[in-house]
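Here is a short briefing to read alongside the coordinates. Take a look at the fold, then walk through the points below.

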Amino acid sequence: MRLVVADCSALYTGRLTAMLPPATRLLVVKADGSVLIHSDGGSYKPLNWMSPPCTLTVREPSEEAAERGVTEVWTVQHAKSDDRLEVELFTVHHDSAHDLGIDPGLVKDGVEAHLQELLAEQIVLLGDGHTLVRREYPTAIGPVDILARDGSGSTVAVEIKRRGDIDGVEQLTRYLDLLNRDPLLAPVRGVYAAQEIKPQARVLAKDRGIATLLLDYDAMRGADDPTSRLF
């Protein structure tokens, strides 16, 4: 992982156009190819980013850019779309690289782990005809919670959360990018399953072609008694 703290500006073009004016920011270049731009605020979410597969190229600035104080230009181009992120660096305050090794992946809390176990046992909740391939299907960036096949034999990747937010959709998107490179699995569609899914996550999932599924934990573990309900 490369960490660069620099005075920079950025221009994103693709499905929309967004610009970051010059300011001091943290640039993160990960081993999986993703590039993220962070400010010292806004919690964990980057101001802009590019998910893999993408390529990063570095070039000298043009004469006009050099006159404005630009010392280096990064161009991050997505491999499967016209999405592009162009970053102009002015002053670099810090530049370091660190080998983090292989990450074992997120250790889920008891409820998420149990939801995964229950959904694997009740795989028909994904739809009639679905069959389980395996839980914790390994990828280069971590295990997919559940890999299944639908009634037509197509591959389905499922990411499970207690509370589904945008980060989970991004995580599943990265898994799908990798899985769809495997000709034995492709095409792979995604399902984002959670006890609660935030509206923003639903919108992003729909935009990415990812289905959403609400999980009733009590019903799945047999703790929900329908006879005790008023409605």
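Of the 231 residues of the protein, 40% count as buried, meaning under 20% relative accessible area with a 1.4 Å probe and protein chains only. This is a predicted model, where local features need pLDDT of at least 70 and side-chain atom pairs count only at pLDDT 80 or more, while totals for chains, interfaces and linings use all residues. Residues are numbered from 1 along each chain as its sequence is written, and side-chain values use heavy atoms, leaving out hydrogens and water.

**Overall**
- The protein has five helices and twelve strands, taken as DSSP runs numbered from the N terminus (helices H or I, at least four residues; strands E, at least two).
- Its C-alpha trace spans about 75 × 40 × 35 Å along the principal axes.

**Sheet**
- Seven strands form an open, antiparallel sheet in the order E4-E3-E2-E1-E7-E6-E5; two strands pair if DSSP finds at least two bridges between them.
- At the edges sit E4 (48–50) and E5 (54–59), each pairing on one side only.
- Strands E1 (residues 2–13) and E7 (residues 84–97) pair in the antiparallel sense over eleven bridges, and Ser 9 has Glu 88 in E7 as its bridge partner.

**Helix pair**
- The axes of H3 (residues 166–179) and H4 (residues 199–207) come within 8 Å and cross at roughly 25°; axes are lines fitted to C-alpha atoms over the stretch in contact, with angles from 0 to 180 degrees between N-to-C directions.
- That crossing makes H3 roughly parallel to H4, a label for angles under 35 degrees.
- Ile 166, Val 169 and Glu 170 of H3 meet Gln 200, Ala 201, Leu 204 and Ala 205 of H4, with contact meaning heavy atoms within 4.5 Å.

Methods
Angles under 35 degrees count as roughly parallel, over 145 as roughly antiparallel, 65 to 115 as roughly perpendicular and the rest as oblique. Buried means under 20% relative accessible area, exposed over 50%, partly exposed in between (1.4 Å probe, protein chains only).
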